[in-house]
Each structure stands twice: as structure tokens, then as C-alpha cells.
Amino acid sequence: MPLSFANPGIYKVKSINGGRTVSKRLTDMGLRIGSVLQVVSSDSFGPIIVQINSTRLALGKGIARKIIVEGAG
Amino acid sequence: MREIKVALAGNPNVGKTAIFNCLTGMKQHVGNWPGVTVEKKEGSYVYNGFTFSVTDLPGIYSLSTVSMDERIARRFLAEEKPDVVVAIIDGMNLERNLYLVSELLDLGVNLVLTVNFMDEVEKNNMKIDIQKLSKSLDVPVVGTVAIKGHGVQKLKDEVLNIAQAKTIPMIKYSDELERYIQRVEGILKLFNVKSNTNSRFLALKLIEEDPEIFEQIKSKVSDAKRFSQLLNEVLSDIEQKHEDSSIFVGDEKFKFIKKILRNTVEGSGKKSETFTNTMDKIFTHRIWGLPILFGIMYAVFQLTFAFGGIFADWLDSGMGLLSDWIQNTVPNATLASFLADGVIGGVGSVLVFVPNIFILFLLIAILENIGYMARAAFVMDKVMNSIGLSGKSFIPMILGFGCNVPAIMSTRTIEKEDDRIITAILNPLIPCSARIPIFLAFAGTFFPSHQGLIVFSMYIIAITLMVVLAKVLKSTIFKGEPAPFVMELPPYRVPGFLQVNTEAWKRTSLFVKKAGTFIFAAVIIIWLLASLPAGVDYASKDSYIGLMGRAIAPIFEFNGFGNWQSSVALMFGFLAKEVVVGTLGALAGGAENLGNLLSTLFTPLSAYSFMLFSLLYVPCVASLGVLVREVGMKWTIFSVILLVSLAYFVSMAFYLVGSIFV
């Protein structure tokens, strides 16, 4: 499911669609395929907040739609 | 004696600037939002008889080239070849921070690692084994608490040691990746590529398909087609086994990092997260986030104007007394006029607003250091999306209320070129603190009972126009999706009292310095032009300045201020906006006479029209200089034409329509 639809909870990143620039930037910031992340605040129409280890990231809805996740507990 | 070049590198928000301050003793601007250091800053120190020149690079996440500040940092490291690179990492966030360190090691630099925020690490019951970390990376590691200066002495020792070291450590990746690196290095050798960057780094970046490095190498080789073909063979070999070559490299790096962390770190930082969590529940609330943001901005506005105004009034009376005293005690009439009219009138009229400006900068510094700026960008993302920009474009807007120059520079963190240009060329519309003197001098004279409302309307008009123009530009010249919004939300931190005061004072002192040098010089010229030719009445229409003003004045006839004094003030105001009030003050012959002069020159209607013009036209020479550097001459000229015509036509429309009703 796209991250933009995820309710608060723990998820695992399955794939990152979209351009190289976006996926490279996310990798550099610690969000990679296989990363386990916590959705802290969700909003299908606006930006969301996710936590990966000690990094707290704000992701715009455009990017959140391109990150595909699956539930992980 | 040789000078040792040191560069500081690290992720945004790891206390890099604080370390820089500790090392060099120079009070640099420290903030708590990603991307404060948008320009490389330099300073130096002497230690054990050696001179160290230190460059503080912009905060970056990797050495790829996604945004402009990363490109700047990478070019500096690869081409300037500093003797020592100090990598600063956040002790609370080792995994992600070490990613950049791995890239620095690939680049083959002489590295000293600094683990900052050791106090937070301890508070959260985490343990980082500095010695083990040092051993497994084969680099010296120092733990620091930069804000308190802990560990800085040790850091200086290590920098000195490593500067004399000969061997440069290297990360060894899995055999598989090492084979690919060797193959690409082989290709580089085959084509005899000469670069001042080491071939291992180039090979890794080529495997990651970094566009800038690829183009750079391609332009150097004799047979670009053959080169691309050979490189593609390696890449397709990788992609047969792995989804994507750049993800493969990233995974390798994180595997390496995880292995190191397993042996060096105990416990995990959960405590501070709960505090940040609670705060974020309030500040980034889906419904309340925006009202809270506006509430904060309104409070900043009120404190700046209402609270600051109390002190400004004291200063104003002080200036009046000083001017009277000079008139009565200085025997030489010309000198007395120069001091009272020129200096006190011109420079003094500007300086009375120092309290307002200090309070504004103080509040901006507090918001930055708490960590609120990134939250403001988050909350505004949805709103900014509706005009085609991302939340990141909002931070330069807030900074612009202080000064447009750093605000324009901060647009470098925006990943999309189109959005960066729009955000930069429209930034001058945000009323910077230098415009405060104009607003207050006019509103105080013409609308004494509605002063706050009138000044507030200036801000609303400027922001509205900026939003409309951004929308227009985004749907005509710069069509396309908003820049992707990815931003780190730093943990909330209690700002140090001394730290925010120093920052605010540093920026205010720039304003004071400007008043003492630049505006002072402008005022002398204005005073001379107003006193000459000999025998003419001071600041009369027959003085040189009067003649100049009368030549321009007719163009402002329909704006309501066709008097020569306004024309001269606006003309000199091109240098800096404070000069508008400085000029009028000097022409009035003293700050305390400014109100009287204004009442004879303007009606309330034309005064508001004049305020509008001053609000919207080019802020100052310095901001234009920065624009040229950041977006080029073409867009700067575009911006100037846009702003000046906007100022001219908006104020004219207001005056003409207003004249019907008044």
C-alpha cells in the first residue's frame, strides 16, 4: 500500500517508485527499501511524519504516494 | 609555517556551526533547522604554533548532487582538497550520519570523526564506545558537547595529529562490490581519465549513476560512446542480481555501518523522542497546526512592533534632546547643521528602530533554535502546494522578515531548480526589517490611532502579492509539479539564552553597522547636495538635491507623491530601504522634525501609497547582488523589472481609486 494511505503504525518499505533523485534523497536520509518505519502522523491529503530510528522525516504527499509499504507489526 | 586547511562536514542540524564557533571563536549563526549554513563560512585559529583555516560546509546527507548545497560541498571537498575533514555526527542518530562518513572515506580524505550531543546520548542511557568506533573505522573519534565546548580541546589535538598523518583509511565493502569498483576503475584507467578526485570515489558514483559525475567524466574521454557502453555493461551485470545499482551501493554502505554499530552502541534513544512526539502532536496538528503558526507569527509581529515601540520611543526622544543640545552648543553653524540635520536626522532616524529590529531577530532566532522552522514548513506544505510550491519554500519567506539576503541564500536547499528560482526572485517582496523604519515613521505620523493595523496591512499585502505572483509564475513560465517535499524534523531543543541573544545581536549589529557606514555615507552625500550650491537654503527646492528630485518627481504624480523629496528618498532608497527614512530625516533637519515634514508633503492617502511603493520595490543593493549570484543576471533583471513595475502600478492604482472616495 502507498505510504500516503497508511495509518499510524509500524511498516516496512517494500519499494520506492519515482525518479532517481527522489529515491536517492530518501536513501541518503535513511529511508530505504527494507527500512522499518513508524508513521507518526498520517494525512492522505497532506504531508505525513515518519520516524526511522532516530530520524524524523516530513514527507510530502507526492513522495508518500511513491513509497510502497507493508504492515510490520 | 604552513597553514592547515580544515573543512567541517556533516548532516544538517548536528551542531556543525556550534563546533565551528568553538574552534574559531567567531560567533557564527547557529540554527536548529536543516540548511542554516547555506554558504560555506570561513574562520581560523592558532594551535600549537600552527594556523588552521576552517571552512564550515553546508549540511548535507551525502555527496550526491540532489540539491545545490550538496554540489557546493562536494566540489569543495573534491577540488579544494582540505588537509583535514572533520566529520560531525549526531550521537543520537549514528546510523544515518555514518552514511555521509562512508562517502567521505570513499573520497579518500584525512578524516577526524566528531560525535556530538554526547550529553543527550548519556541522558538517554545510551553508550557509545568511542574507542571501538575509532578502531573499526580506522579514524580518530572525539566525543563532544559543542554547545558547552566539551571535547573541543581533544578535537584540536586530533586535527593536528591527523594533519601530519600519511595513510588514508578506506572502507572495504563486500567482495562483490569491490569487484565492480575494480572494473569501473579499470575503465577509467583505460580511457586515461585524469581527475583530482580519487578513482575509487568516481567509480562508486558512476555505479550509483550520479548524473553530474557521469557527465563530467564523459566530457573528458576521447570516445564517449565506447565509455558509456563499457560502463553500462558493468551496470547491467549489477542489475541482473540487484534491483538497482544505486540501491545496491546504499545497502552495502548500511550493511557496513550496521556491523560497526553492533559492537559500539548500547541502548537506544527513546526518551527524547517522546518529548518531541508530544510537541509535534501540538505543532503539526492537522487542524490546529495552521492557527498555531499564524498565532505565533502574530505574536512575533505584536512583540516586534508594540513592545519594541516602547523602547523606540525612548530612543526617539533621546535623539531629539541630542539634536537640540548640538544646535545649542556647537558654535559653527555649518557643523551644527551637519551634525544635527545630517547625522542625527539621517542616521538617527534609522537607529531609533534598533529595538524593534533586535526583538524581531531575537524571536526568529528562538524559533529556529527550538526547531520550529521545519514544523512551520511542514504545516504550510499543503497551503504552498496549492500555489505550486512545497513547504520548503516557506522557510525563506519567514527568514525574509528578518533580512532578504540570507533568505535568498537559504533557497539552495530546495531540490527543484524552477521552485528555487521562484522562491528566490519573489523573496524581496517579503518586508524585511529594514522596511520597518518606513512603516513606523509614516504610520506614526498619519495613522497614530491605527498604527498597528496599518503596518499589519503592509505585511498582508506583500504576502498576498507574493502568493499571487508565485501562482502566476508557476502556471506560466515554470509549469510543473511542486518540488518533492522531504525534510528532516530535528528534535526540539531548548535554546540557549546566550546563543539566541548572540545571534540576534549579531544580526542587529549588522543593521547598526550599516547605519554607521553605508547609510552614514549616503546621508553625507544627501546633506551636501541639500546644502549646495552655496547660499541656498538647506534642503530647499533650489538645492542640488531639490533639482534632482524635481527632475524625477513628475513620474510619481499619479501615485500621489509628486513632491521632489519623495523622489529623492526613493532614489537613494535603492541602496537600502532604511535610506528612504534616512533621506527624509536629513531633509527634515532632524529625526524629531521628520513628522512635520511628512505632514506637509503627504496626505494620509498619498502616505499609504508611498508606503506601498516602498514596500514593493527592490529592497537593497545587497539583495540584488545575492540574487545575481544565486539565480543569475537574467532572473535578477526579471525580478527588478517585476518589483519596480509592481510597486509603481499597485501604488498608483491604490491612489487613483482611493482619490475617488477621499
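The model is predicted.

The contact between the chains draws on 32 residues from chain A and 41 residues from chain B. About 3,100 Å² is buried between chain A and chain B. Carbon and sulfur atoms give 53% of that area. Three arginines stand out on the side of chain A. A:Arg20, A:Arg25 and A:Arg56 supply 23% of the area that chain A buries against chain B, more than any other three residues.

Polar and charged pairs also link the two chains. Six salt bridges are counted between chain A and chain B. One of them joins the side chains of B:Lys382 and A:Asp43, at 3.1 Å from N to O. Residue pairs in polar contact between chain A and chain B number 16, with both residues at pLDDT 80 or more. By residue class, the side of chain A that touches chain B divides into 13 nonpolar, eleven polar and eight charged residues.

Strand pairing crosses the contact as well. β4(A) pairs with strand β9 of chain B, residues 486-488. The two strands are antiparallel and share three bridges. Within this pairing, A:Leu57 has B:Glu488 in β9(B) as its bridge partner.

Other pairings lie within a single chain. In chain A, strand β1 (residues 9-16) is joined to β2(A) by four bridges, and the two run antiparallel. Here A:Ile10 has A:Gln38 in β2(A) as its bridge partner. β1(A) also pairs with strand β5 of chain A, residues 67-71. That pairing is antiparallel too, over five bridges. A:Ile16 stands opposite A:Ile67 of β5(A). In chain B, strand β1 (residues 3-10) pairs with β3(B) in the parallel sense over six bridges. B:Glu3 has B:Thr51 in β3(B) as its bridge partner. Strand β3 of chain B spans residues 50-56, and five of its seven residues are buried, so this strand is largely enclosed by the rest of the structure.

Two asparagines of chain B were examined in detail. B:Asn97 lies in helix α3 of chain B, residues 94-107. Its relative accessible area is 1%, so B:Asn97 is buried. A polar atom of the B:Asn97 side chain lies 3.2 Å from the backbone nitrogen of B:Asp90. Neighbours within four places in sequence set aside, B:Asn97 is in contact with B:Asn11, B:Val14, B:Ile88, B:Ile89 and B:Asp90.

B:Asn563 lies in a loop instead, between α23 (544-552) and α24 (564-572) of chain B. At 14% relative accessibility, B:Asn563 counts as buried, because the cut-off is under 20%. A polar atom of the B:Asn563 side chain lies 3.4 Å from the backbone oxygen of B:Leu601. B:Leu601 is also among the contacts of B:Asn563 beyond four places in sequence, together with B:Ala553 and B:Phe602. B:Gly549 is 14 residues from B:Asn563 in sequence. In space, the C-alpha atoms of B:Gly549 and B:Asn563 are 7.7 Å apart.

Definitions and conventions: Residues are numbered from 1 along each chain as its sequence is written. Chains are lettered from A and ligands numbered from 1 in the order in which they are written. This is a predicted model: local features need pLDDT of at least 70, side-chain atom pairs count only at pLDDT 80 or more; totals for chains, interfaces and linings use all residues. Side-chain values use heavy atoms; hydrogens and water are left out. Contact means heavy atoms within 4.5 Å. Buried area is the accessible area (1.4 Å probe) that two parts lose on being put together, summed over both. A salt bridge is a side-chain nitrogen of Lys or Arg within 4 Å of a carboxyl oxygen of Asp or Glu. A polar contact is a pair of N or O atoms within 3.5 Å; within protein, one must be able to donate a hydrogen and the other to accept it, and residues adjacent in sequence count only if both atoms are side-chain atoms. Ala, Val, Leu, Ile, Met, Phe, Trp, Tyr, Cys and Pro count as nonpolar, Asp, Glu, Lys and Arg as charged, and the others, Gly among them, as polar. Two strands pair if DSSP finds at least two bridges between them. Buried means under 20% relative accessible area, exposed over 50%, partly exposed in between (1.4 Å probe, protein chains only).
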